[in-house]
Each structure stands twice: as structure tokens, then as C-alpha cells.
Amino acid sequence: MSEAWNIRFGTAGTSDSFAAQGYKSSLDVPEYTAKMGLNAFEYQCGRGVRLGLDKAARMAALAAERDILFSVHAPYYISMSSLEEDKRLNSIQYLLQSAAVCRALGGRRIIFHSGSCGKQSREAALEKALDTMRRAVAALDAAGFGDMTLCPETMGKVGQLGTLDEVLTLCGVDSRITPCIDFGHLNARTLGGIQTKADYAAILDRMAEVLDDDRARQFHVHFSRIEYSAGGEKRHWTFADTQFGPEPQPLMELLAERQLTPVVICESAGTQAEDAQTMQQMYRAARNV
């Protein structure tokens with residue numbers, strides 16, 4: 001990764017204020033993102049890769065003028081651990097489709113959900129996912145997408161594959177695989193396990209211990225307040241909904257103190273850009289910028 005890599009703040013999709021300000025087209029995303037003072041945007045392909053490559057290239061040109069970095073969230077129906085072999089192997093095709101769009105957008109990172117454990121043990125599910133990940137890396141290389149970065153995401157439901165250690169194990173398949181640490185998800189699946197600055201520090205320490213390279217400093221972040229029940233994640237909320245955790249301030253302080261440079265993507269429910277601004281301000285205050 002480049003030595004010039006800097007921390008970035010942005011959103012997953014557009015806030016309600018995107019339409020409220022009169023924007024209508026995905027071609028408006030770069031202008032809106034820059035207007036909000038942000039420099040990252042995660043394009044959502046959760047329901048399928050439907051963005052045309054020509055339009056993506058036009059978006060990339062508009063983003064490059066404003067120093068905005070795109071990433072892509074791959075389809076939600078990816079399941080690298082599925083007991084159904086066709087579904088498991090089809091996941092590789094969805095990653096290839098996502099890589100094509102990501103490259104057209106000028107981005108490098110493809111974020112995805114690994115799948116659920118279903119009726120198998122966590123160990124068996126992880127073994128299947130590891131095999132799928134190896135196949136995916138080989139397929140991306142064969143298709144000329146070796147410069148793309150796969151980012152498996154920590155997940156919010158207890159039954160899903162995606163604990164911190166499971167994601168870090170998937171990252172062990174190839175040195176290019178970079179974790180997407182969704183702190184809201186980790187808080188939800190541990191039923192409120194992120195309460196203090198030390199709780200955040202333990203996550204960052206574990207990542208540094210296992211990866212021991214730039215990926216532990218330049219990782220991908222998802223952040224939002226998330227409501228949870230006994231099974232984990234229920235619903236995303238906004239920063240104004242302070243009855244739900246986790247709190248962003250301690251994490252921003254740690255990123256500043258440790259001089260970490262992730263891409264921080266806010267997934268608040270409708271206030272992504274505004275809450276991303278808040279995290280950016282917290283970070284800058286901690287850096288005394």
C-alpha cells in the first residue's frame with residue numbers, strides 16, 4: 001500500500017440529506033460527498049451489481065477531481081460458507097462482478113459478508129469460507145483483478161460467520177486481504193461488549209498481533225450505533241440515538257493516538273454523512289488539527 005495512505009471518512013450510500021439538497025443521480029455523489037467535507041464513499045451493491053461500468057467511470061472522474069475514494073460493498077447474498085455448493089461457489093462470481101465495478105469507480109476495496117454458520121459448526125463454516133476465499137483470490141488474479149483488496153466484514157448476528165478472530169483468519173489466506181472491522185456489529189454480537197476505550201484498544205491490539213503489517217493500520221471501518229437482542233444485531237440507528245452503542249469518541253481518540261489510517265465508513269440510518277462529519281471532527285480534535 002502507498003506510503004501516502006491517509007485516513008478517510010465517508011458514508012455507505014447516501015444520507016437523507018442527499019435528496020433533501022436536490023441531488024438525484026449517482027453522478028451527484030462526488031459533489032455531495034465533497035460538499036459534506038468527506039473523502040470516501042462506499043457504493044452499495046448489496047442487492048446486486050447493477051451499476052454500469054461506463055457510468056462508474058464517469059463517477060470515478062468526478063470523484064478524482066475531489067480526492068474522493070470509492071469502495072464497493074458486494075452483494076449481501078454472498079455466502080462463502082454455504083452448505084449449498086452452487087451458492088458457495090457463485091459467491092466468487094459476485095466478487096468478480098464487484099471487482100469490475102470497483103475498478104471502474106477507481107477504487108480498490110471490496111467489502112463483503114462471509115455468510116452464516118447455518119446447520120454446521122463454526123469450525124466447519126470457517127473451513128468452507130477459507131476454501132472459498134482461496135478460490136476467490138485465485139479467480140481475481142486470473143481475471144486481472146490482482147490489485148483489488150478483498151475486505152471480509154465482522155458481522156452483527158451471533159449465528160453469522162464474522163467474529164473478529166474469524167475475519168482475521170480469513171485475512172490469513174493472502175496478504176492483500178484486509179479486514180473490515182464493523183464496530184457496531186462487534187458490539188451487537190457481543191451484546192454490548194464495547195463499553196470503554198480499553199475495549200476498542202483490545203480489538204486494535206488483536207488485529208495488530210495477528211496481521212503484523214500495514215493492514216492493521218490501513219484497515220477498513222464500518223461504524224454505527226446498533227440495537228441488538230439476544231441473537232445480536234437488530235437495527236442501525238443514528239448518533240442522536242444515544243441509548244444504543246457503541247460510542248464513537250474513544251475509537252476516534254485511539255485512531256489519532258496510534259496514528260492509524262483506516263477508511264472510516266459511517267452506516268448510520270439516514271444520517272451517514274452528518275455522523276461521518278462528527279467522527280471526522282472527533283478525530284481532528286484528538287489530533288489537535
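## Conventions

Helices (H or I, at least four residues) and strands (E, at least two) are DSSP runs, numbered from the N terminus. This is a predicted model, in which local features need pLDDT of at least 70 and side-chain atom pairs count only at pLDDT 80 or more, while totals for chains, interfaces and linings use all residues. Residues are numbered from 1 along each chain as its sequence is written, and side-chain values use heavy atoms, with hydrogens and water left out.

## Annotated domain

The unreviewed UniProt entry places the feature "domain: Xylose isomerase-like TIM barrel" at residues 31–277; such annotations may be inferred rather than shown by experiment.

An open sheet is formed by eight strands in the order β5-β4-β3-β2-β1-β10-β7-β6, and the pairing is parallel; two strands pair if DSSP finds at least two bridges between them. At the edges stand β5 (149–152) and β6 (180–182), each of which pairs on one side only. From one strand to the next, the twist averages 25°, where axes are lines fitted to C-alpha atoms, for helices over the stretch in contact, and angles run from 0 to 180 degrees between N-to-C directions.

Strands β2 (residues 40–44) and β3 (residues 69–73) run parallel and are joined by five bridges. Gln44 stands opposite His73 in β3. Helix α4 (residues 85–104) packs on the sheet, touching β3, β4 (109–112) and β5, and its direction makes about 145° with that of β4.

## Helix α9

Seven of the ten residues of helix α9 (residues 248–257) are buried, that is, under 20% relative accessible area, with exposed meaning over 50% and partly exposed in between (1.4 Å probe, protein chains only). The buried residues are Pro248, Pro250, Leu251, Met252, Leu254, Leu255 and Ala256. Their cover includes β1 (8–12), α7 (183–189), α8 (197–211), β7 (220–223), β10 (263–266) and α10 (272–287). Gln259, which follows α9, has a positive phi, near 55°.

## Asp199 in helix α8

Asp199 is found in helix α8 and counts as partly exposed because its relative accessibility is 24%. Leaving aside neighbours within four places in sequence, Asp199 is in contact (heavy atoms within 4.5 Å) with Gly193 and Ile194. A polar atom of the Asp199 side chain lies 2.7 Å from the backbone nitrogen of Gln195, and the backbone nitrogen of Thr196 lies 2.9 Å from a polar atom of that side chain. Asp199 and Gln259 are 60 residues apart in sequence and 18 Å apart in space, C-alpha to C-alpha.

Note on methods:
A polar contact is a pair of N or O atoms within 3.5 Å; within protein, one must be able to donate a hydrogen and the other to accept it, and residues adjacent in sequence count only if both atoms are side-chain atoms.
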